[in-house]
Amino acid sequence: MKCKLLFLGLFLYLYGGAQKVNQCGIIIPPKSLKSDFSSVYEARDYLNTMLDSIHWQENFTVQEQNGINNAYATIVRNKRYIIYDNDFLENLDNYAGSKWASISVLAHEMGHHYKNHVVNQGGSTPPKEIEADYFSGYVMAKLGASLTEANAAMQKIAATNASATHPAKADRLRAISNGWNYAQGLSELSPGSGTPLPQPQQNPTNSNTDPSWIQLSLYGNSDMEVYLSDDGKKYTAAPLKVSQPFVFKFEVYNYGWLRFGNSSTSKTYKLFHNKDYAIIRSRRSNNWVMVEVP
């Protein structure tokens with residue numbers, strides 16, 4: 001689940017050194033020249049296999065958003081999404097030396113849906129992350145990963161120390177190991193619950209869930225690129241595809257900004273939470289415009 005910090009373009013440095021971390025405090029793996037994680041279709045296949053392994057019939061929309069150096073779970077109008085950065089997963093696999101690294105990240109995000117963590121507005125918390133880590137370890141075992149493979153991603157990218165939103169690396173590795181051991185029959189109960197892996201909670205159909213999302217839809221004949229910002233100062237390119245909603249969140253500010261070009265003279269729009277926006281071509285001005293969808 002996406003943590004409650006800046007979503008676009010905000011990177012910190014660990015210990016003042018070369019390692020970068022994303023908005024969730026996860027170490028960003030160095031760029032790899034090797035490309036194995038091919039497409040959103042592959043991610044969808046992995047998630048389907050995970051669903052089958054735990055006999056859960058939930059349906060996800062899987063969406064790729066390169067440039068975010070992350071993966072997160074969200075719900076938009078009672079529809080479940082898993083959003084991921086393809087480059088981030090490719091780099092992670094190379095950094096961890098295991099294809100299971102990217103799969104475990106997807107399993108972790110599915111765990112947030114399984115436990116219904118994204119229904120409320122509380123953002124990430126250490127207990128939620130521990131539950132998703134446990135779920136990831138459980139699913140990795142069901143898929144045939146070794147304990148080392150199940151831990152491969154978190155071993156490389158988890159922060160050593162805990163934060164307000166995420167646990168320390170040692171606690172996360174312990175949770176993954178506990179989930180893996182339970183799936184293997186090496187422990188009787190899931191930690192703290194006194195029961196086997198809990199059944200997923202039902203998502204209320206009349207709930208206005210996860211109101212921090214903003215959705216863009218492009219209507220035209222070809223894909224395009226826009227520029228998004230949290231603070232109206234630093235903009236990050238975002239690819240839009242025709243007929244494929246672009247779902248994103250600004251969780252610190254009350255709104256974000258969008259430009260059609262990457263310059264201070266480009267037309268700029270303010271985007272508000274819990275809104276749908278359509279990007280269309282105006283026949284009168286022959287320019288792209290953005291309108292709020294009621």
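User: Which residues does Met140 touch, not counting residues up to four places away in sequence?

Analyst: The model is a predicted one. In it, Met140 touches Met50, Trp100, Ile103, Ser104, Ala107, Ala145, Ala150 and Trp180. Each of these counts as a contact because heavy atoms lie within 4.5 Å.

User: What makes the packing of H3 and H4 oblique?

Analyst: Helix H3 (residues 100-114) and helix H4 (residues 126-143) pack at an angle of about 125°, with their axes 7 Å apart.

User: Which kinds of residue form the contact of H3 with H4?

Analyst: Ten are nonpolar, five polar and three charged. Among them are Trp100, Ile103 and Met110 of H3, and Phe135, Val139 and Met140 of H4.

User: Why is the set that includes Met140 called a nonpolar core?

Analyst: The name applies because its members are buried residues of nonpolar types, joined through side-chain atoms within 4.5 Å; buried here means under 20% relative accessible area. This largest core has 41 residues, of which Met50, Ile54, Met110, Val139 and Met140 touch the most other members. H3 supplies its largest share, eight residues.

User: Which residues does the second, separate core include?

Analyst: That core has 24 residues, including Leu216, Leu218, Leu240 and Phe248.

Note on methods
Residues are numbered from 1 along each chain as its sequence is written. This is a predicted model: local features need pLDDT of at least 70, side-chain atom pairs count only at pLDDT 80 or more; totals for chains, interfaces and linings use all residues. Side-chain values use heavy atoms; hydrogens and water are left out. Axes are lines fitted to C-alpha atoms, for helices over the stretch in contact, and angles run from 0 to 180 degrees between N-to-C directions. Helices (H or I, at least four residues) and strands (E, at least two) are DSSP runs, numbered from the N terminus. Ala, Val, Leu, Ile, Met, Phe, Trp, Tyr, Cys and Pro count as nonpolar, Asp, Glu, Lys and Arg as charged, and the others, Gly among them, as polar. Buried means under 20% relative accessible area, exposed over 50%, partly exposed in between (1.4 Å probe, protein chains only).
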